[in-house]
Amino acid sequence: MQQEMILVLDFGGQYNQLIARRVRECHVYAEVHPHTLSVEKIREMNPSGIIFTGGPNSVFGSEAVLCDPDIFNLGIPILGICYGAQLMAHMLGGWVATAPVSEYGETVVQVNTETPLFRGIGSPETICWMSHTDYIAKVPEGFEITAHTDNCPVAAMQDTVRRFYAVQFHPEVNHTREGVKMLAHFVHDVCGCRGTWQMDSFVQTAIEELREKIGDGRVLCALSGGVDSSVAAVLLSRAVGKQLTCVFVDHGLLRKDEGDQVEAVFGPGGNYELNFIRVNAAEEFYEKLKGVEDPEQKRKIIGELFIRVFEREARKIGAVDFLGQGTIYPDVIESGLGKSATIKSHHNVGGLPDHVDFREIIEPLRLLFKDEVRQAGRELGIPEALVSRQPFPGPGLGVRIVGEVTPEKVRIVQEADAIYREEVEKAGCAATMGQYFAALSNMRSVGVMGDFRTYDYAVVLRAVNTSDFMTADASEIPFDVLQRCMTRIINEVKGVNRVLYDLTSKPPGTIELE
């Protein structure tokens, strides 16, 4: 039986991956594809339903991005969100205009609780997240209005005959109180999905697909010791055994003592039978990064050098056919998908060079979100201590050091981060946080230590609460814990005279500083 699937068509919205994540929470598989996907390809994919994402454009403007109008003739249920709702209205004969009053943020929405999307909502008055300057002024023929606000006459509409639904707000974000329930109604009640997608079936299917693709070929896996690459390595090991060689490149941008810790787990005498090779390439990376301040350029330099080191190791090993990587879905989407904005190029996606000296790159986790990767790791029997490990970016401290990367700056952030993590764990705060780390700003300021003037760097402490790493809020760390961190960092880490705490949420910020 073919797997149920919801197709998310991306119109440039920054929440596109979050929509797919929410659908998967309903135990239904979802994929994000650009809005230019052909109707023929959509027929071939045979989705149970389609969701149009939001986007930054106006449907009536010169920069409008549209879909193939034949999508509406496929007989597949469609849900339009924000720009996607306006697009549906515009293309089906309604009228979209600039709103007299824009809406942004948490908004009270009056919904019809007798309709398919809003059935079971606790109250006709619910809080939703709005973000729009245009609005649907007139619904197309065959549609009825199912929700409104004081300033938005069409906050939702439906055509139950054709199974077309649209909401002006964003049900995928946590600020929409009943948003997950609304999406579940669309996925289960409107699209008829049974919700049978589970991680254990993914693991077994992935192993079988890897065996078929790789055959008797040899695989070189990029192992950083982080959650993503560790799960990818064990998955590949289960699939092809001794045909796999794992190369750990210590680029000198890891957390304090991390290189030795990775080798202890995966190297000779560790818990896994992997052909493990450690390459100490710190000086090579520092040299390439000398004088580089732009974060995108740093990511691309690190990405290309990673590949070149792997190619060099592959030549030493002999003929290697495939390069395995721990790329996950947020990496792919944040690096730019179709016309959506590139938030940041990930070193293993947007940072890859144009030419790679392998037959093919294999990314078995490419369509999984972070929490799904962790669950896959559990299904593979990887110890919880490794599966639940703090996320760490592929470019490492290269994107936790604002501006030029130097060995001295790396030392500063390594030591500050070790102190911060130690104090947070000692205080019992770590379990409630999605991610926490220390970074180094490029700000230097005057301070006084003893009777002497200092002119040193400011360390930035970051901690966020998040369930999906797509949205995040700053963690409320007890002030006495922050004070202990500040005192220790300034006293123990040479070159630092100021400690800051970053309160920025995501959005508008990202979790990492660069």
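Strands E3 and E4 run parallel and are joined by three bridges. Strands here are DSSP runs of at least two residues (E) and helices are runs of at least four (H or I), both numbered from the N terminus; two strands count as paired if DSSP finds at least two bridges between them.

The model is predicted, so local features need a pLDDT of at least 70 and side-chain atom pairs a pLDDT of 80 or more, while totals for chains, interfaces and linings use all residues. Residues are numbered from 1 along each chain as its sequence is written, and side-chain values rest on heavy atoms, leaving out hydrogens and water.

Gly80 has Ala166 in E9 as its bridge partner. What covers the two faces of E4? Ile78 and Gly80 on one side, and Leu79 and Ile81 on the other, are all buried. Buried means under 20% relative accessible area, exposed means over 50%, and partly exposed lies in between (1.4 Å probe, protein chains only).

These strands belong to an open sheet of nine strands with mixed pairing, in the order E2-E1-E3-E4-E9-E8-E7-E5-E6. E2 (29-34) and E6 (125-138) are the edge strands; each has a single partner strand, so one side of each has no neighbour in the sheet. On average, neighbouring strands are turned by 20° against each other, direction ignored. Axes are lines fitted to C-alpha atoms, for helices over the stretch in contact, and angles run from 0 to 180 degrees between N-to-C directions.

E5 (residues 95-111) pairs with E6 in the antiparallel sense over 12 bridges, and Gly105 is the bridge partner of Met130 in E6. Helix H1 (residues 16-25) packs on the sheet and touches E1 (5-10), E2, E3 (49-52) and E4 (78-81); its direction makes about 160° with that of E2. Contact means heavy atoms within 4.5 Å. Helix H3 (residues 83-91) also packs on the sheet, where it touches E3, E4, E5, E6, E8 (156-159) and E9 (164-167). The direction of H3 makes about 120° with that of E4.

**The five-stranded sheet**

Another open sheet has five strands in the order E12-E11-E10-E13-E14, with parallel pairing. Its edge strands are E12 (275-280) and E14 (360-362), each of which pairs on one side only. The twist from one strand to the next averages 25°. E11 (residues 244-250) runs parallel to E12, joined by six bridges, and Thr245 is opposite Asn275 in E12. Helix H7 (residues 258-266) packs on this sheet, touching E11 and E12, and its direction makes about 165° with that of E12.

| Strand pair | Sense | Bridges |
|---|---|---|
| E3 and E4 | parallel | three bridges |
| E5 and E6 | antiparallel | 12 bridges |
| E11 and E12 | parallel | six bridges |

**Helix pairs**

The axes of H6 (residues 227-240) and H11 (residues 370-379) come within 10 Å and cross at roughly 40°. H6 and H11 are therefore oblique to each other: angles under 35 degrees count as roughly parallel, over 145 as roughly antiparallel, 65 to 115 as roughly perpendicular, and the rest as oblique. Val227, Asp228 and Val231 in H6 meet Lys370, Val373, Arg374, Ala376 and Gly377 in H11. This contact has four nonpolar, one polar and three charged residues. Ala, Val, Leu, Ile, Met, Phe, Trp, Tyr, Cys and Pro count as nonpolar, Asp, Glu, Lys and Arg as charged, and the others, Gly among them, as polar.

H8 (residues 282-289) and H9 pack at about 145°, with axes 10 Å apart. Glu284, Phe285, Lys288 and Leu289 in H8 meet H9 residues including Lys298, Ile301 and Arg312. By class, the contact of H8 with H9 has seven nonpolar, no polar and four charged residues.

**Two buried residues**

Lys298 lies in H9 (residues 295-317). Is Lys298 buried or exposed? Its relative accessibility is 0%, so Lys298 counts as buried. Leaving aside residues up to four places away in sequence, Lys298 touches several residues, among them Glu293, Gly398 and Glu514.

Cys485, in H14 (residues 479-492), is likewise buried, with a relative accessible area of 0%. Cys485 touches Ile419, Tyr420, Glu423 and Leu461, again not counting residues up to four places away in sequence.
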